[in-house]
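Thanks for coming, everyone. Let me put the model up, and then we'll walk through a few spots.

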Amino acid sequence: MQALWMVLGALFFATMGLCVKIASAWFTSAELVFYRGLIGIVFLWLLARNRGVTLGTRYPGMHAWRSLIGVVSLGAWFYAIAHLPLATAVTLNYMSSVWIAAFLVGGALLAWMPVPGRDGRIPRPPFQGTMALTVLVGFAGVVLMLKPSVDGSQGFASLMGLFSGMTAAFAYMQVVALSRAGEPEARTVFYFAVGSAVAGGLVTVIDGFTPWAQWSWSHAAWLLPVGVLAALGQLCMTRAYATAKSESGTLLVANLQYSGIIFAALYGVFLFDDRLDLSGWAGMGLIIASGIAATFLRQRSLPKAPAEEH
């Protein structure tokens, strides 16, 4: 059942990306972040109340930092979805696991202090060759995928997609810290929704809301599933991790999140006539493979880590 919950969660997140791409024809990325947060607040408040989870926290600063990074990542991802093929934007965001592996390698090196050993020599940090290779394979996949599918006008959107994955990795590391501090995931996701609504609302107020004359209520109807599907996807992923009874089950669940890339690719091909050539599909395959490897390595470094959010 945990595998089915994760596949269902990936489908919800991919479908949310589909709704974002459609709604981006009438609304800005900041507006979409605002509406996703607003709808998420209501949905997650009801969920927390049903589960008996209080929303008061002893770590407001940690939640604020997680929300800030998460909102930046979400805004960059929504921008990439609006200007890139759906599968490309989703794949770049799912590179967060590869970025986490890069941070773990870099963090180990930065934290190393050359202290003389007993034999008078300075011990060196262990060379994490497997994790470093995983990172290199992931970025090779990026090169293969973006070369055939991104033209000059999409260069900035591609950078935003990469940036969304990198900042999502930062946000996830903060989620791990909150989880270790004892914060329930429903509370963490709720404050992220609050941060999304506040930040997205402020940017939208500064830039201005899309004039009513440029959209209709049939257009606005696409905003509701953006928030609801995001909350449902997070709920399914949380249930999948909670029902995994062993380390192998947890790894299976974590890796099945990449089925979201397949769903996004199918949406792009059948609904938007997106096309990737053989190099593009090969690059996507390399990113998925490196993400799976990075997830396995991360599970050893961060056991019992909470689910990722996309």
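**Surface, helices, core**

Start on the surface. I262, L266, F270 and L271 make a nonpolar patch there, with about 440 Å² of accessible area together. Patch residues have over 30% relative accessible area and no salt bridge, with nonpolar side chains joined within 5 Å. Salt bridge here is a Lys or Arg side-chain nitrogen within 4 Å of an Asp or Glu carboxyl oxygen. Areas are Shrake-Rupley, with a 1.4 Å probe.

This is a predicted model: local features need pLDDT of at least 70, side-chain atom pairs 80 or more, while totals for chains, interfaces and linings use all residues. Numbering runs from 1 along each chain as its sequence is written, and side-chain values use heavy atoms, without hydrogens or water.

L271 sits in helix α12, residues 259-271. Helices are DSSP runs, H or I, of at least four residues, numbered from the N terminus. Is L271 buried or exposed? Exposed, because its relative accessibility is 53%; the cut-offs are over 50% for exposed and under 20% for buried.

Now the opposite case. S196, in helix α8, residues 185-207, counts as buried because its relative accessibility is 1%. S196 touches V33, F34, G37, V71, L74 and G201, leaving out residues up to four places away in sequence. Contact means heavy atoms within 4.5 Å.

The largest nonpolar core has 60 residues, and M16, W77 and F78 have the most contacts inside it. Such a core joins buried nonpolar residues through side-chain atoms within 4.5 Å. A second, separate core has seven residues, including L44 and F190.

Notes. Patches are made of residues with over 30% relative accessible area and no salt bridge: like charges are joined within 9 Å, nonpolar side chains (Val, Leu, Ile, Met, Phe, Trp, Tyr) within 5 Å. Helices (H or I, at least four residues) and strands (E, at least two) are DSSP runs, numbered from the N terminus. Buried means under 20% relative accessible area, exposed over 50%, partly exposed in between (1.4 Å probe, protein chains only).
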